[in-house]
Amino acid sequence: MTNTFQNLSVNLAELPEVKQSEFHGIEKKYLKVSLISRSLWFLALIVSAACIILFNDDIDKGVFEFGVSIGPILLFWVFSLGYAIKAFPRKRYSLREKDIIYTKGLLWQTRTSIPFNRIQHAEVKQGPIERMFSLHSLKVFTAGGDSSDLVIPGLEEENASRIKEYIMGKTALDGTDQQ
Amino acid sequence: MEQISSKFSQPSRQSRVAIAIILIKFIRFTIRTFWPIALSIFIGRKSGSSFQDIIGYVALGLAAFNLIGSVLTYFRFYFHIEDGAFVIDKGVLKRSKTNIPFERIQTINLQQNIVHQIFGVVSLEIDTAGAKKSEMTIDALKKEDAEALRQYILEEKDQLSEVAVTPDSTEQAVQESFEEDVILKLDIGDLIKIGVSQNHLRSMAILFAFVFSTLNEVTDSVSDMVEEQLSGYQEAILSNGWVVFAGSVVIVGIISFIYSLVNTVLKNYDLKLTTRKGGLRVIRGLLNKEEISINKSKVQNISWSDNPLRRAFKMYTIQIEQASSAQADQLKSKIKIPGSYMQQVKQILEIVFPKEFIAEGEKHKVSILLKYRIFVFSGVLPALVATSVAFYHLRNNGLWFLVWIPIIWLTTSLYYKKRSFELNDEMLTNNRGTFGNYHEIFQLYKVQAVSIKQSWYQRRKNLASVVFHTAAGSLRIPFIPLQQAEELENFVLYKVETDRRKWM
């Protein structure tokens, strides 16, 4: 530890470190969910590109036209799936005594920590594709707006509601100072 | 005080002037919603009496609808005080009864627009915490009534919270002997100084945006219209291109200048910033007179900034941001007070934040790589692309685009020189700015969430950016050593988790 911040009353080296906390990965099944939802998105893109070519009289309907428009989309599709697979192990969460932490991203890595005493509420959600794999997402809201809200996807129902109960229990304990 | 509570204990209506004020609100709403249609009908009208009749009937219908609507709204609006709560019963088609307990009320603001001022009434706005619908407005109340009501509610609220919290006796003594101090008062001379040193480029942009969005709504393509209008003068324009250009620049400049000046004077006329129990109070405005109360505990961050023009007057603009419960009132929760000198900035900081922590601390720089990154990505690369394209078309004249590179180098250098942050046990100060200076300060324990972000480039250089999310927006410290970023993360989380003060 360097001593960059010398004017502080606590010794920074003695504080618990976020990166040292115990992180858990999310359910492996969620990788399928994210691959499917990405694929659906690209399929929609391809269909709309094809429709533009088919229904526009000014564009020839040759192999070249289809190749030029759909080829790059296919390429991005492959990239996107590859990225999703590579980035998947980075989606990890950690529960500490007083906060919840979530990390994500491969090229642009982000680690967000929310103290329990700043959580407004938490909810367990399930999208249509998640339902096929019986997975749930936990969404944690703060007063910091969308940018600081946390979504932990790919949790088993039992686990998701257990974490939610844990969080809400903690916020209720700390709620005395929040009106 | 008993008088007041008995006066408002029965459901009562607003002052009768409210009808006029609601009517104006209605008309404004109608005009804002329907003006593009009205205008297009007006422009596209054909001669022929039947068509004009229709327009007349439509206008009449709308007017009648507005009048009836506002009268009904007035008669279906009651408010009263009941068991330590403020109750509003209203609605014509959709009836609603809202019950706001005093302790949930954050602030009560009074506002007067020009109609209010003529009739000597005010509108009263009750801001509550937490709920999605965060505001209740009473359109018109007699001024004395409104002030009495506000005082009554705030005093009751204080008693309630004192019972609940029971603060130590010293604090109570301080509160009892509280007197309002005037921190800042702007006279017309100050206002002119502020108006003159406004960011005129920004008002220019606002004007342009306004004109273009308006034109866009009226005609489908602005360019067609411009072409049509100018086609007659085309030759004259082509031969006197520079004159026309310089002329329009001067005209636009003068208009923006007047716009910012008038805007400043209207908004901040007779501005008075005073202390009040638990915070600050701002009174200002000429046509639209407003009175805003700022709660100390609700303040999330304070920033003060200048620009090169303002520096000549040594004046700063202070912006106080409060926690906002709904997205909609985001603008209201940011209070800008122009024309304060450094001494007043200090005074405000000392009132809102704990005194002992307000002092300039050690400035921590961010990594020099930030400067190079910005220089490469917004200076060198765009300039090279633009130059190569321009060179292809314009030959040697295209090389002028290379001037962009030294310009960006200079501005980035200015920016980097000012980019730093200060940290102490209570708060963090973020310093930045290119031509002006911008400082923002917030209390660590009010942070809602902390993020550490690393791009692949930052990871290679062992750097990171830290983002602090507060209830009034995010603050970012970019490009600091990873270890320092993690220390900040750990420290701020520790501060938030151990502090039990109210953050809102």
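Guide: In this predicted model, chain B holds an open sheet of seven strands, ordered β13-β12-β11-β17-β16-β15-β14, with antiparallel pairing. Strands here are DSSP E runs of at least two residues, helices are H or I runs of at least four, and both are numbered from the N terminus; two strands pair if DSSP finds at least two bridges between them. The edges are β13 (334–340) and β14 (364–365) of chain B; each has a single partner strand, so one side of each lacks a neighbour in the sheet. Strand β12 (residues 316–322) of chain B runs antiparallel to β13(B), and five bridges join them. Across from I318(B) in this pairing is I337(B) of β13(B).

Chain A has an open sheet of three strands, in the order β5-β6-β7, with antiparallel pairing. Its edge strands, β5 (119–125) and β7 (150–155) of chain A, each pair on one side only. The twist from one strand to the next averages 15°. Strand β6 (residues 136–142) of chain A is joined to the antiparallel β7(A) by four bridges, and K139(A) is opposite V151(A) in β7(A).

Residues are numbered from 1 along each chain as its sequence is written, while chains are lettered from A and ligands numbered from 1 in the order in which they are written. Because the model is predicted, local features need pLDDT of at least 70, side-chain atom pairs count only at pLDDT 80 or more, and totals for chains, interfaces and linings use all residues; side-chain values use heavy atoms, leaving out hydrogens and water.

Note on methods: Axes are lines fitted to C-alpha atoms, for helices over the stretch in contact, and angles run from 0 to 180 degrees between N-to-C directions.
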